[in-house]
Amino acid sequence: MLKIKNLNVSTESNISILKNLNIDVKKGEVHAIMGPNGSGKSTMASVIAGDPKYVIKKGDINFLNKNLIDLDPNERAALGLFLSFQYPVEIPGISLNNFIKTALNQKQKALNLKPLSAKHILEKIKKNAEILKIDLDFIKRSVNVGFSGGEKKRAEIFQMLMLQPRLSILDETDSGLDIDALKIVAKGVNTLRNNESSFIIITHYQRLLDYIKPDFVHVLNDGKIIKSGGPEIAKMLEEKGYDWI
Amino acid sequence: MTGFKKTLKPSFNIEKESNFILDFFPSIKNEDWKYTNLKKFIPDSISMQPFKANNDNLLKKLKNSVNNKLTEKNVIYFLDGVFQSKISDVPHGLKITQLVKSENNVAKLYLNQAGLNFNTKENDSYFGFLNFLEKTKLIELNAYLTDSPYQLTFNSSFSSEIPLKIIHGFSNKNAFFNQSRLLFLLEKNSTVLIHEEVVNLGELGAVFNMVSEFSCLENSSLEFYTIQNDLTKSCLINSVFCAQQKNSSTNFNVFSLNGKLMRNNILVDLIGERCKSNVLGTSLLKGAEHLDNFITISHLVGNCKSNQLFKSVYDGASSGSFCGKIFVKKGAQQTEAFQQNNNLMVSTKSNVNAKPQLEIFADDVVCSHGCTIGAIDEKALFYLRSRGITEKEAINLLITAFLNELITNIENNEIKMKLSNLFLKNNNA
């Protein structure tokens, strides 16, 4: 599904961040990415989603057999890519409700499909709000404005459930969550998990992986993957820290 | 031009070869007009509108020009500054009369000295706005060129659920210089909601020099919505002078969407205690449009509150200026006055000048001002696009979100819907 080959990425001021990164995510797989601060985890997530502030020097990102590098962020989203932001952006004046409706219908348009009916969207909103224990009044508020840390992350997962992406990248969605919120977020992810959809989960903690069982765990350091394996790696890291590698 | 010559003060030489109207235009050396050079927008050859060019056909056209989806009740029409009773529906509690001008009338404002009523006597004229009037002779020109002005008196029991719609139609043949002057008297305890629009029935590139004077008596409340959406590439110079007595409240809300030049002079004097005044503006400019908001709220006594909030989006090669003054007179203690001006520059070719001015001569006050000028937030743009929203649509959403603040706060649903649709249409255009 997602194949990243020899990816080299720099900032606009030419600081090299990702160095020959390779990763291969197949249909239905869950990959966890761990690694110390500043190792390039968030950059990797942003680059896959198409953040224009990074410069791709070399390499390929293939998603569902399409080269993503020349596609706009919205085109990538239309293909079924979703990024749950580490720091969701506050957008005063646009309600979460309006935002999600626009996003859904823009996606329909990009896929040459008819716009969804208001009734259909509302039903979907209600269903997903219930899964995430979100109050419907919450959806009327401006996107992320005045949301608590937990609410922001829950809103991200809510958007993910609404958009039903093929590949979701969760960038430290568990950071700052209490144990109940963590369970709710995990429930959201597990709802979407099936043979067709895949996940990349960026996290610092083994705890989240207790609720979302990964198929693979990778350790990213200094812009490249230095170790890959099964869930046991996360457990070892939790016990021994990154020095162990 | 008939009947005009003899009412002029001798100091204005209309016989001279140059176009005398131009003599009344402020120069950019005048601080109040620094960022708007009228001579750049208004042709040298500008000539005056002849009075009373009304006929039934024009009235029909005027009536049809108004979006008829809105209720037909409570609509009053003016054509070339003349009240059209035939097609108007005057609500109960509103009286429309004409002040009789004397031959040698030289009043700049008709507001009387105490700010309690209107008259044409020069020695009983309100002098609160003198500083501005002296620098802006256009107001004087308006007084010379308007016939006897109309006074709209709202009686004490006046309370409007449905907004009063005022339509200023102009026949405007051959790009004339058009005038209008209305005097609003809000009697004690009246509650007035007005929605005002200008309709150009004539050719492109006209100039509308409009003056509104308000006297708001004790406990009165005014909500005044001005929609500037002229598609005929005209210039609009809109001046509002308002004197407020104690416990009165005003809300001037200006929405500027289309027009070659839009200049809003809004001057409010709080002369009684416990007054409130909001002067608000929302604008979306593109092409070569120019907007200049010139606002002054003067706290002449203590215990009053005022707020200025202006939000503008500049696209294309549009330009603009915001000059907002808060004046707090010596002894006007316990004043609360705020000012905020936010500008969103969508295009690199657009420009804006912002000039907040605070003149505070009292020590027990809360006053603040803030100004921002910025481009579209790249982070927000990426966030929206990452959800599948195209760049164009995402920018539109962010513009709408930026401008929505003052629209969503409108209590009257009819006006709110009209404005949100207008902005949406203009944003997507």
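This note comments on a predicted model, covering a chain interface, a helix pair and the strand pairings of chain A.

1. Basis. Residues are numbered from 1 along each chain as its sequence is written, and chains are lettered from A in the order in which they are written. As the model is predicted, local features need pLDDT of at least 70 and side-chain atom pairs count only at pLDDT 80 or more, whereas totals for chains, interfaces and linings use all residues.

2. Interface. Contact joins 22 residues of chain A to 17 residues of chain B (C-beta atoms, placed from the backbone, within 7 Å). On the chain A side, at least two residues each come from helix H2 (73-79), strand E7 (91-95), helix H3 (96-110) and helix H5 (149-163); helices (H or I, at least four residues) and strands (E, at least two) are DSSP runs, numbered from the N terminus. H3(A) gives the most, five residues. This side of chain A comprises 14 nonpolar, five polar and three charged residues (Ala, Val, Leu, Ile, Met, Phe, Trp, Tyr, Cys and Pro are nonpolar; Asp, Glu, Lys and Arg charged; the others, Gly among them, polar).

3. Helix pair. The axes of helix H4 (residues 118-131) of chain A and H5(A) come within 10 Å and cross at roughly 135° (axes are lines fitted to C-alpha atoms, for helices over the stretch in contact; angles run from 0 to 180 degrees between N-to-C directions). H4(A) is therefore oblique to H5(A) (under 35 degrees is roughly parallel, over 145 roughly antiparallel, 65 to 115 roughly perpendicular, the rest oblique). A:Lys124, A:Asn128, A:Ala129 and A:Ile131 of H4(A) make the contact with A:Phe158, A:Leu161 and A:Met162 of H5(A). Five of these residues are nonpolar, one is polar and one is charged.

4. Strands E3, E11 and E12. Strand E3 (residues 30-34) of chain A pairs in the parallel sense with strand E11 (residues 216-221) of chain A over four bridges (pairing requires at least two DSSP bridges). E11(A) is joined by five bridges to the antiparallel strand E12 (residues 224-229) of chain A. A:Val217 stands opposite A:Ala32 and also opposite A:Gly229 in E12(A). Two residues lie between the strands of the hairpin of E11(A) and E12(A), where A:Asp222 takes a positive phi near 50°.

5. Open sheet. Four strands of chain A form an open sheet in the order E2-E1-E4-E5, with antiparallel pairing. Strand E2 (16-25) and strand E5 (66-67) of chain A are at the edges with a single partner strand each, so one side of each lacks a neighbour in the sheet. Helix H1 (residues 41-49) of chain A packs on the sheet, touching E1, E2 and strand E4 (54-63) of chain A, and its direction makes about 70° with that of E4(A).

Definitions and conventions: Contact = placed C-beta atoms within 7 Å.
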